[in-house]
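I set out to look up the salt bridges of this structure and a pair of packed helices. My entries follow.

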Amino acid sequence: MASADLLRREEEFYSSLFDSAAKGDGVRSRSQLIERKIEALEDMATKVSNRRSRRWLNDRLLIELVPRLHVEEIKGLFAPPPWGEELPLSAFCRTSVGEWDAFRSIDMDAEARLMERMKRSSEKQRTHVDEDELVALNAWRRIDRQTREAIKKNFLPDLLEIYEERVRTFIEDTSDKNVLVLNVQDPFQRLLLHGVCEFYNVTSTTTTSVRDGKPWKTTTIKKRPGTGVPCRITLVSFLRMKKNGSQ
């Protein structure tokens with residue numbers, strides 16, 4: 001009981017100190033009042049020696065340093081669930097009862113048959129893709145090493161697609177046209193054209209003539225006996241696949 005009376009007397013004493021510190025002339029705002037209280041606390045904290053008194057002063061100092069919270073700030077302390085706003089409904093809760101029951105009560109045998117059909121379809125599609133990739137890989141290997149390095153080092157997809165379109169159209173043409181003539185004067189572009197021809201298994205020969213006193217290059221493309229349907233995967237698509245790590 002004596003201890004409680006002592007604490008009450010200490011509270012009254014320190015409160016009177018703060019009240020006297022706040023009654024000084026020139027203190028007109030809350031910020032100035034807080035500064036005066038903090039100065040008084042810091043001054044007292046350096047003078048008292050009792051451990052309980054110093055602890056009490058430190059607590060009061062921390063209280064004065066922390067501003068009062070508004071209603072919205074106090075509410076924000078309890079914003080996370082489960083005290084705050086309601087959690088959004090899950091996809092299962094938003095699903096109608098009939099649809100969810102049909103999904104939940106599906107027959108196990110029907111589920112197994114459905115999964116088996118999906119697995120076979122996926123394997124069949126994967127096998128088909130693998131076959132196309134293998135054909136494209138073999139076509140890529142037909143191109144000589146120097147031309148392959150040049151195509152990869154200076155990848156020009158727009159130009160390659162133009163050459164591919166001309167060569168593919170020539171191969172798919174069922175008429176008696178067996179020769180395709182292209183006039184490509186730039187040496188590097190002509191090298192790319194020869195690479196495209198090797199990819200699609202057609203022959204390409206470049207000859208030189210004179211036109212207007214200047215050398216003129218003419219590339220003649222012909223089908224081979226083994227030239228078949230063009231690969232589903234184009235050269236540009238294959239190179240992009242290699243760049244992305246598919247091959």
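The model is predicted, with local features needing pLDDT of at least 70 and side-chain atom pairs pLDDT 80 or more, while totals for chains, interfaces and linings use all residues. Residues are numbered from 1 along each chain as its sequence is written, and side-chain values use heavy atoms, without hydrogens and water.

I then looked up the partner of Lys152: its side chain meets that of Glu149 in a salt bridge, 3.7 Å from N to O (a side-chain nitrogen of Lys or Arg within 4 Å of a carboxyl oxygen of Asp or Glu). Glu149 is also partly exposed, at 39%. Both residues lie in helix α8 (residues 145–153), three residues apart (helices are DSSP runs of H or I, at least four residues, and strands runs of E, at least two, numbered from the N terminus).

I counted two salt bridges in the structure. The side chains of Asp132 and Arg232 form one, at 3.8 Å, N to O. Asp132 lies in helix α7 (residues 108–142) and Arg232 in the loop between β3 (214–223) and α11 (235–243), so the pair ties together parts 100 residues apart in sequence. Asp132 is buried at 14%, whereas Arg232 is exposed at 61%.

Key. Buried < 20%, exposed > 50% of the residue type's maximum accessible area, 1.4 Å probe, protein only.
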